[in-house]
Amino acid sequence: MQYVLFLSLLALPGLLGAQSLPKVPTKPQAMRLAPSVPTPPKVVDRMLSAAQLKAGETLYDLGSGDGRVLITAAQKYGAKAVGIEISPAVAAESSKRIKDLKLDGKVRVIEGDMISVDLSQADVVTLYLLTKSNDMLRPVLEKQLKPGARVVSHDYEIRGWQPTRTETVDALKRQHQLYIYEFPVKKQ
Ligand SMILES: C[S@@+](CC[C@H](N)C(=O)[O-])C[C@H]1O[C@@H](n2cnc3c(N)ncnc32)[C@H](O)[C@@H]1O
């Protein structure tokens, strides 16, 4: 019965239209943890290949912006993808794009604060935040991510964690740094 109720709640946004995105409860003090700067497509692709994202796995992009990481994860890697986005307008716009691409069976955007989200089902988490934002997110990731989960952070390291690997990607006339971590993560 609870499962049926849960499924009905998931279906509700589709019935009500784009105005009613699923939401995570967001505390009044929720902070914007990064500006709206998109990751270049070439770097998105390298982030997902560096994460060894596989078909059927679930990716979370925390601060999902225009949805480009989610869309690439679904279209190119056959993954399921969930975006968390604090800006209602950006979340609605990216949801519309996902629906127009007929990816809404595999990809969804949740409006709200990434700090409050349940990441226990994530196989891969992608980040393009700031080092201080990663500091705030680190305890959430440590508490929730399962063994085998991978985290890929664009340009900003997660202090206190030892990356499994780093990669450099040339795009838009500069070098982009990728930090790749695997759970259980090694502490520095
Ligand atoms: C640098 S952009 C990255 C967008 C996308 N992930 C990419 O790589 O192209 C960061 C995004 O995080 C969103 N954001 C900032 N603080 C947030 C928070 N507390 N919870 C959810 N999203 C947040 C911003 O609105 C913005 O869209």
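In helix α5 (residues 131–144), 14 residues at 1.5 Å a residue should span 20 Å, and the end C-alpha atoms are 20 Å apart, which agrees; the expected span is taken as 1.5 Å times one less than the number of residues. Helices (H or I, at least four residues) and strands (E, at least two) are DSSP runs, numbered from the N terminus. The structure is a predicted model, in which local features need pLDDT of at least 70 and side-chain atom pairs count only at pLDDT 80 or more, while totals for chains, interfaces and linings use all residues. Residues are numbered from 1 along each chain as its sequence is written.

Shortly before the proline P139, α5 has a kink of about 40 degrees at L137, the bend being the angle between axes fitted to the seven residues ending at a position and the seven starting there.

Around the ligand lie 24 residues, of which T39, G63, G65, I86 and Y128 come nearest; a residue is near if its C-beta atom, placed from the backbone, lies within 6 Å. The elements giving two or more residues to this shell are α3 (68–77) and β2 (80–85).

L172, in the loop between β7 (165–171) and β8 (174–182), is exposed, with 9 other C-beta atoms within 10 Å. L172 and P40 are 132 residues apart in sequence but 7.4 Å apart in space, C-alpha to C-alpha.

How values were computed. Buried ≥ 20, exposed ≤ 12 C-beta atoms within 10 Å, placed from the backbone.
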